[in-house]
Amino acid sequence: MAPHTNDSEPDDRSAEGGGTDSSSSAGSSGPVARFPAPLEDVAEPESTAAPDERVAAVRRIAAAGRRWRTAQLAGTAALLAIALTGGSIAYGAIRDHGGTTVAAAPNAMSPALLNSGDIDSGIAALQTQLRAQPRDYGSWATLGLAYVEQARTKGDPSRYPQADKALKRSLALKPGNEQAVTGQAALAAARHDFKDALKYADQVLAENPYSQNALSSRVDALVELGRYTDASKAADTADSRRPGVPVFTRYAYVHELRGDVKTARRVLEQALATSTTPGDISYVAAQLGQLAWNQGDYKTALTYYARALAADENYLPALEGRALAQYGSGDRAAAIEGMEQVVARYPLPQPLVQLGELYEDRDAKGDRAKAHDQYALVDAWIALARANGVNADLDTALAAADHGDRAAALRAARAEWARRHTVHTADALAWALHVNGKDAQALRYARQATATGYRNASFLYHRGMIERATGHAKDARSSLEAALKLNPGFSPLGSREARKALKSLEATK
């Protein structure tokens, strides 16, 4: 519990502003709006530096992080937090570009604040309200929810401690109030503490069985805990009680995880047809683009990404997805240019790894060094996330297995598996075991990752390489062929390695 503050004064630490204006123009030369002013006399974060200067600062910190060791990790994270406070923006709910699942959709906030399309302006308005009414528990709860949404959509984990303080302040003023407990569920999920997310969602639903936010959070938590049967039942319940875009997207993803792509597509199309706000349109259209990309249908993916970007030109999942679909379509130059624009504005783990692999695949002069720079930045971001209470073990396992400390990848994957048994953690653990030469153990987890019917080319590739290493040549050919048939451009490096492995297997038949 956070220390109780004087009720006559707003808690300036928890209500401190952050983020950049989501309406700022795309590209590293676009204007950067200032943060909402802090409530009291707290110094306003430096946010007027150009985006390329901010990214350069992050890259300098990453270079320092490579030299420093564990004793200096907290310092590296603190420095990165300062750099990112200046404006890393627009990281939305994104799934499976060979990475983890991030369960989120536009929800968990007051409709007026969310639908405004400008979270920062909403936060500024809440701060004004709390200066005048510091005992307004509802505004404190909404502020906490806004910070969670800001951190999620803008890739800035430094907002999570602020969210925590605001939510606790709301609960101190009115214990157990629904909006604050809903915020605690959203915050726990954002920090990858899915057991607590489920606990808080159930607490809300015990008082209000029709809370759309809690119903959605419950589905998310069950999915992320690997309780897929329970998640399917929860999605059905949510759909029967509060149908709408947040529930539709969860319902679709639960079906996709079970291999029912047809139902997932139908439900997402229904969700898009009922979407009216830019946030909903960009989110759902990007989900449809992702679904098409997962099936190797790059033309359809590009169509949906274009629709998402027409609604919100800064929506990261659509920008990132478009670059990957361009790569899959054979336009490597456009893919690299697009991903460079993404990481110049949003230096976050998944796009950083993807850009690094695109550089390695192109392999022009200086590309290896550029790739290594991207991978080093992943470590810096993970340090920042951990410093702000986020469990980043899955991020560590996924990035380090191919582009970092393999032993660290295995430690992280095992730690994450001890917490939750999902297809994503199974795949991460399988691959971490494989790169550490423990293929006999890896095979069990690779099979578990593909057991639900989920159609993911990266999972099939990992399974095929592990089957090859364990002497199951026929199974390896089947898995690798399936990966390339499903999504031939699933990964710049993975696709290439899959083709090489298949050629070698054919030569030894």
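Helices here are DSSP runs of at least four residues, numbered from the N terminus. With that in hand, welcome to the tour; the model on your screen is a predicted one.

**Stop 1: a histidine in a loop.** Select His192, which lies in the loop between α7 (178-190) and α8 (194-207). Is His192 buried or exposed? Its relative accessible area is 17%, so His192 counts as buried, the cut-off being under 20%. Now show its surroundings: leaving aside residues up to four places away in sequence, His192 touches Val390, Asn391 and Asp395.

**Stop 2: charges over rings.** Move on to Lys199 and Tyr200. The charged end of the lysine sits over the tyrosine ring, 4.7 Å from the centre of that ring. Then pick Arg241 together with Tyr210: Arg241 lies over the face of Tyr210, and here the distance to the ring centre is 6.0 Å.

**Stop 3: the nonpolar core.** Next comes the largest nonpolar core, with 142 residues. Leu143, Val223, Val284, Tyr461 and Leu480 are the ones with the most contacts inside it. Not counting residues up to four places away in sequence, Val223 touches Tyr228, Ala231, Tyr253, Val254, Leu257 and Thr422.

**Stop 4: helix α17.** Select residues 349-362, which make up helix α17. How does the distance between its end C-alpha atoms fit the expected span? At 1.5 Å a residue, the 14 residues should span 20 Å, and the end C-alpha atoms are 20 Å apart, so the two agree. Colour α17 by accessibility and you will find it mostly covered, with 13 of its 14 residues buried. Just past the helix, look at the backbone of Asp363, where phi is positive, at about 60°.

**Stop 5: aromatic pairs.** Finish with the rings. With ring centres required to lie within 6.5 Å, there are four aromatic pairs. One of them joins Trp417 and Tyr445 edge-to-face, 5.3 Å centre to centre with 80° between the planes. Trp417 belongs to helix α20 (residues 406-419) and Tyr445 to helix α22 (residues 439-449), so this pair ties together parts that are 28 residues apart in sequence. Trp417 is buried at 9% relative accessibility, and Tyr445 is buried at 11%.

Select Tyr454 and Phe459 for another edge-to-face pair, at 5.7 Å centre to centre and 75° between the planes. Both Tyr454 and Phe459 are buried. Last, highlight Trp431, Tyr461 and Phe490, which ring pairs link into a cluster. You have already met Tyr461, among the residues with the most contacts inside the largest nonpolar core.

Note on methods. Residues numbered from 1 in each chain as written. Predicted model: local features only at pLDDT ≥ 70, side-chain atom pairs only at ≥ 80, totals over all residues. Heavy atoms only, no water. Phe/Tyr/Trp six-rings, centres within 6.5 Å; stacked < 30°, edge-to-face > 60°. Helix = DSSP H or I, 4+ residues; strand = E, 2+ residues; numbered from the N terminus. Buried < 20%, exposed > 50% of the residue type's maximum accessible area, 1.4 Å probe, protein only. Lys NZ or Arg CZ within 6 Å of the ring centre and 35° of its normal. Expected span 1.5 Å × (residues − 1). Core = buried A, V, L, I, M, F, W, Y, C linked by side-chain atoms within 4.5 Å. Contact = heavy atoms within 4.5 Å.
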